[in-house]
Amino acid sequence: MYCVQDLFQKHGPQLGLKLIAGESGLNRQIKVPEVHRPGLSLSGYLKNYASQRILVFGNVEARYLRDLDKKLRLSRLQAILTSQTPAVILAGRYTPLKELVRVCSEVKTPLFQAQGSTMSLVSKMTLILNEEFSLTMTCHGTLVEAFGVGLLIQGDSSVGKSEAALGLIERGHRLISDDVVRIRLREGSSLQGSGTRLTRHLLEIRGICIINVAHLYGAVCVRDEKTIDLIIKLEEWDERRFYDRVGLDEKYCDILGIKVPFHVIPVKQGRDIVLLIETIVLNQRLKEMGYHSAREFNAKLLESISRKQSKRAKICEAHAQSES
């Protein structure tokens, strides 16, 4: 449950919010991640009016209300401000109207005053609410950035995820999070991965200790968040399992409704896992650019087979004609 109090405490300084009235309603739940400028509603047209959105009063709304007589002004405000309205934000430095303060106090709706222009406030509020209401999940793994690609390394405990991440950092890549990765769905089209504040920039290496990557390798080797573009799973080599050697079949992992390219790397003594991970990342970038090595090889192979079959058919046909 996301309340007005959460918005005020977390984003109040960023938005320049100052509480004017309705303090008792700070625990009111925000159910709809939208903000609304009630220009048309103030004129008396309330058809399809949604009262569960945060209202933003700007320059136009403030001047329109001042042009109304006091009774009409009060009735219009009472019509749009209900107990379901999460909050009202007055943009700019205009002095709040007495009727607005009165109605917000009566229905216990928090009334804030914000700094900056109305459009800037609406844009910031939209981004903040979309962020707060987006789907999230946590998963076990290590998130790094390699060659600009967000790479989530997964696998069983002690398989070597952190060691692989450390090897990538040694080669100039970046750490986002180790052990616990928070994944957030951004605008329904991409996955944003980040870590917790407690473990930020920390990497656990079994048998050594917990190290601070930012302190050891510099701030250039860490990031706070990154889009997840690729997933690699490390697993112990199994002689009984068949591992794909060509790569014609694309594999994907579904996370929060988004399909992410997925690869499995069998871990075996003597294999350079870091080099293999870098190769997968670079190959994935080539695929996104339209170059698919496995498909090109398959096309050449089919073309070669077709030529040999055609040549063999011609030889057989010539042999048959000579016998006749």
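**Exercise 1. List the contacts of arginine 73 beyond its sequence neighbours, and place its side chain.**

Step 1. Not counting residues up to four places away in sequence, arginine 73 touches Leu65, Arg66, Leu68, Leu97 and Glu99, where contact means heavy atoms within 4.5 Å. The model is predicted: local features need pLDDT of at least 70, side-chain atom pairs count only at pLDDT 80 or more, and totals for chains, interfaces and linings use all residues. Residues are numbered from 1 along each chain as its sequence is written, and side-chain values use heavy atoms, with hydrogens and water left out.

Step 2. Arginine 73 has 10% relative accessibility and therefore counts as buried (buried is under 20% relative accessible area, exposed over 50%, partly exposed in between, with a 1.4 Å probe and protein chains only).

Step 3. The side chains of arginine 73 and glutamate 99 are joined by a polar contact of 3.2 Å (a pair of N or O atoms within 3.5 Å; within protein, one must be able to donate a hydrogen and the other to accept it, and residues adjacent in sequence count only if both atoms are side-chain atoms). A polar atom of the arginine 73 side chain also lies 2.8 Å from the backbone oxygen of leucine 68.

**Exercise 2. Describe the packing of helix 4 and helix 5.**

Step 1. Two packed helices are described by the angle between their axes and the distance between the axes.

Step 2. The axes of helix 4 (residues 70-80) and helix 5 (residues 98-106) come within 10 Å and cross at roughly 35 degrees. Axes are lines fitted to C-alpha atoms, for helices over the stretch in contact, and angles run from 0 to 180 degrees between N-to-C directions. Helices are DSSP runs (H or I, at least four residues), numbered from the N terminus.

Step 3. Helix 4 contributes Lys70, Arg73, Leu74, Leu77 and Gln78 to the contact, and helix 5 contributes Glu99, Leu100, Arg102, Val103 and Glu106.

**Exercise 3. Locate leucine 276.**

Step 1. Leucine 276 is in helix 9 (residues 273-288) and is partly exposed, at 26% relative accessibility.

Step 2. Apart from neighbours within four places in sequence, leucine 276 is in contact with Ile265 and Arg271.

Conventions. Helix = DSSP H or I, 4+ residues; strand = E, 2+ residues; numbered from the N terminus.
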